[in-house]
Every structure is written in C-alpha cells, then in structure tokens.
Amino acid sequence: MSNILEVKDLKVSYGAIQAIKGISFHIKQGEMVALIGANGAGKTTTLKTLAGMLKPAGGDIVYMGKQLSSIKNYDLIREGLALVPEGRGIFGRLTVTENLEMGAYSRTDSKEAIQADIDRMFEIFPRLKERASQLAGTMSGGEQQMLAISRALMGKPKLLLLDEPSMGLAPIIVQKIFETIREVAKDGVTLLLVEQNAKLALQTCQRAYVMDGGKITLEGDAKELLHDEAVQKAYLGE
Ligand code: ATP
C-alpha cells in the first residue's frame with residue numbers, strides 16, 4: 001500500500017515557542033494510526049498543521065503525492081482531507097440535517113447520492129435521525145460529536161483527522177463513537193486519531209506514534225505498544 005501522507009522533519013512554532021520540533025511519520029492508504037501523548041505534547045498542533053490551519057516553520061508534508069503547501073486551504077476538503085476538531089466545530093444555529101448538507105458542499109455528485117449518504121449517517125447514528133430538525137447547538141456533547149464526525153464523512157474524505165473524539169463524553173457514548181470509527185475505516189477511509197484515551201486509541205488503531213515535548217519518542221504496532229512497559233507506565237496508568 002502506498003502512503004497517503006508523508007511527514008518529514010516537521011517543525012511548527014507559535015511565535016518564539018517551538019511546539020513541534022522536527023517530527024517524521026507516515027500513514028498508508030487505509031490505515032488507522034493513533035497519535036498519543038501527554039498534554040501539550042503537540043498532537044493538536046500536528047493535526048492543525050495537516051489541515052492547513054497552521055503553517056510549518058520547516059520540513060515537508062506530502063499528501064497523496066503532492067506538497068500540502070501547494071494545495072489551497074479551501075481545496076483541502078475537495079482533495080479529501082478533513083479534520084474533526086477538538087470542540088467539534090459544528091454549526092450550532094443550523095439543524096442536524098443542515099449540518100450534514102453543509103458537510104457535502106464541496107461534492108459535485110447528485111442530490112440523490114448526497115441524500116443516500118445522509119440516510120447512511122442516520123443509519124449509523126439513529127440518534128441523529130431522531131434529532132434531524134433540532135438545532136445542533138442545543139444537542140448534548142455526545143450528539144454533537146456524532147454530528148461532527150458524520151458531517152466530516154459527508155465530504156467523502158480520503159484521510160480523516162480526528163482530534164480527541166472521546167473528550168468529555170460518557171463511556172457508553174465513547175464506545176458507540178469508536179464502534180463507528182472502526183466501521184468508517186472498513187468503508188476505506190484512512191484515519192489519523194489523536195486521543196487522550198491512549199488505551200482505547202491503541203486498541204482501535206493498527207499503528208501508533210507517541211509524542212512528548214514536540215517530538216515522536218516511540219512508534220510501532222499499536223498492540224505491541226499496548227503491552228510496552230514504558231507506554232503502560234506513562235500513558236495507560238498501569
Ligand atoms: P492536549 O492533549 O493537552 O490537547 P496536545 O498534545 O494537543 O495537548 P498542543 O495543543 O498541540 O498539544 O500544544 C503543544 C504546545 O504548543 C503546548 O506547549 C501549548 O501550550 C503550545 N500552544 C498550543 N497552541 C498555542 C498557541 N495558540 N499559542 C502559543 N502556544 C500554543
């Protein structure tokens with residue numbers, strides 16, 4: 001399988017603060033890869049840079065064989081790169097259905113195809129179907145997270161970047177969301193998952209990178225990392 005994403009020696013700074021200090025990693029087509037690490041390690045900064053929201057101070061990002069810097073931000077969705085940000089970023093004053101329609105704005109296929117995908121999202125998340133005409137901003141945190149993921153999927157992404165999908169949610173909702181993430185991956189979407197819940201991330205993904213202080217300190221097979229003593233001590237609370 002070829003790489004959908006290749007990152008080499010990436011550096012990102014906020015003014016004088018260097019948040020990412022030269023990281024290299026790759027994601028193969030169809031893989032589920034986790035990025036774990038302590039607070040402030042630089043995980044969100046990495047995702048924001050991949051989504052074009054932050055400009056690198058150095059290094060190289062190649063997405064589907066193209067320099068990311070050569071793709072305009074507004075073209076990223078059309079190119080199949082979607083981010084579900086921490087805090088979700090849905091349109092609170094629009095209904096659930098309107099949010100899903102917005103997610104499809106860059107598509108050029110038929111209305112029927114888009115409607116079929118909305119129906120598919122309602123099938124995956126019956127809760128969203130029940131609340132189709134509710135204003136998104138009035139839904140619970142878990143419902144908003146389901147909507148944020150569904151909205152991103154409506155754009156038919158090739159690479160989905162997920163920032164902390166479990167944040168602030170009850171365990172049962174987290175289970176449901178991770179079930180869906182696994183299902184989505186079966187549909188052929190490649191996933192980069194940033195998670196505070198390292199155990200769940202390692203159980204869900206095939207490979208993982210561990211970040212600390214703006215660097216990648218460990219990488220490998222997710223199941224092996226799950227049993228790695230250093231990882232267990234530092235990130236799994238065991
Ligand atoms: P968490 O798990 O707590 O969300 P993280 O691994 O996602 O952490 P980042 O949010 O990427 O970490 O932050 C990396 C570093 O960059 C931190 O030291 C943080 O304080 C700093 N940082 C993040 N955003 C900004 C900003 N807008 N201005 C200045 N520094 C920032």
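When I say contact in this talk, I mean heavy atoms within 4.5 Å. With that settled, hello everyone, and let's go through the structure.

First, the ground rules. This is a predicted model, where local features need pLDDT of at least 70 and side-chain atom pairs count only at pLDDT 80 or more, while totals for chains, interfaces and linings use all residues. Residues are numbered from 1 along each chain as its sequence is written, and side-chain values use heavy atoms, with hydrogens and water left out.

Let me start with Y235, which touches G37, A38, A198, V210, M211 and D212, not counting residues up to four places away in sequence. Y235 sits in helix α9, residues 229-235. Helices here are DSSP runs of H or I with at least four residues, strands are runs of E with at least two, and both are numbered from the N terminus. Is Y235 buried or partly exposed? Its relative accessibility is 23%, so Y235 counts as partly exposed. The cut-offs are under 20% relative accessible area for buried, over 50% for exposed, and partly exposed in between, with a 1.4 Å probe and protein chains only. Y235 and K199 are 36 residues apart along the chain, and their C-alpha atoms are separated by 8.0 Å.

V210 comes back with K215. Leaving aside neighbours within four places in sequence, K215 is in contact with K21, I23 and V210. K215 belongs to strand β10, residues 215-221, and is partly exposed, with a relative accessible area of 44%. K215 and K11 are 204 residues apart in sequence, yet 9.6 Å apart in space, C-alpha to C-alpha.

Now to the domains. The protein is divided into domain 1 (1-80 + 157-174 + 184-238) and domain 2 (85-156), and those bounds come from an automatic or database domain assignment. Taken over C-alpha atoms, the two centres are separated by 24 Å. How many residues of domain 1 are in contact with domain 2? There are 15 residues of domain 1 in contact with 15 residues of domain 2.

Rolling a probe the size of a water molecule over the atoms shows where empty space is left. On a 1 Å grid over the protein atoms alone, a pocket is an open set of points where a 1.4 Å probe fits, with protein on both sides within 12 Å along at least five of seven lines; lining residues have an atom within 4 Å of a point. Grid points are joined across faces, edges and corners, and the volume is the space filled by probe spheres set on the points.

The largest pocket has a volume of about 490 Å³. It is lined by 22 residues, and the closest to its centre are I77, A82, L83, Y105 and R151. Which elements each supply at least two residues of that lining? They are β6 (81-84), α2 (96-103) and α5 (141-154), and β6 gives the largest share, four residues. Both domains take part, since at least three lining residues come from each of domain 1 and domain 2. By residue type, the lining divides into 15 nonpolar, five polar and two charged. Nonpolar here covers Ala, Val, Leu, Ile, Met, Phe, Trp, Tyr, Cys and Pro; charged covers Asp, Glu, Lys and Arg; the others, Gly among them, count as polar.

E143 meets R127 in a salt bridge at 2.8 Å, N to O. That pair links distant parts of the chain, with E143 in helix α5 and R127 in helix α4 (residues 126-130), 16 residues apart. E143 also forms a salt bridge with R131, the closest N and O atoms being 3.4 Å apart. R131 sits in the loop between α4 and α5, twelve residues from E143.

One more group: R107, D109, D117 and K156 are linked in a network of salt bridges. D109 is partly exposed at 35% relative accessibility, while R107 is buried at 13%.

Key:
A salt bridge is a side-chain nitrogen of Lys or Arg within 4 Å of a carboxyl oxygen of Asp or Glu.
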